[in-house]
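Hi,

Here is the structure I promised to pass on. Have a look at it first, and my notes follow below.

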Amino acid sequence: MSQEQPNNPLHGITLEKMLTSLVEHFGWEGLYQKIRVNCFNSDPSIKSSLKFLRKTQWARDKVEALYIDTFC
């Protein structure tokens with residue numbers, strides 16, 4: 001049922017894990033400097049950021065691209 005995705009660097013990595021890793025690496029302020037999204041600046045939390053990113057594809061794409069550039 002599940003297919004192998006050898007060329008997908010995000011395979012098996014949840015959005016929550018990506019966001020947590022980026023926050024640990026950059027901090028909320030640094031993450032906001034990289035990706036200008038208000039949920040990273042105004043009272044940031046993993047929960048509120050996940051809620052926003054799940055609804056907003058362009059922001060999620062930026063988070064995924066930053067994760068790939070930083071950790072892959």
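Let's start with what is tucked away: Leu15, Met18, Leu19, Ser21, Leu22, Val23, Gly30, Leu31 and Tyr32 of helix 1 are buried (under 20% relative accessible area, with exposed over 50% and partly exposed in between, using a 1.4 Å probe and protein chains only). Helices here are DSSP runs of H or I, at least four residues, numbered from the N terminus. Before you go on, note that this is a predicted model, where local features need pLDDT of at least 70 and side-chain atom pairs count only at pLDDT 80 or more, while totals for chains, interfaces and linings use all residues. Residues are numbered from 1 along each chain as its sequence is written, and side-chain values use heavy atoms, leaving out hydrogens and water.

Those buried residues pack against helix 2 (46-55) and helix 3 (57-71). On the helix 2 side, the contact (heavy atoms within 4.5 Å) involves Leu15, Glu16, Leu19, Thr20, Val23 and Trp28 of helix 1, meeting Ile46, Ser49, Leu50, Leu53 and Arg54 of helix 2.

One to click on is Leu22, which sits in helix 1. Leu22 counts as buried because its relative accessibility is 0%. Leaving aside residues up to four places away in sequence, Leu22 touches Gly27, Leu31, Val63, Leu66, Tyr67, Thr70 and Phe71. Leu22 and Phe71 are 49 residues apart in sequence, yet their C-alpha atoms are 9.0 Å apart in space.

Cheers

Key:
Helix = DSSP H or I, 4+ residues; strand = E, 2+ residues; numbered from the N terminus.
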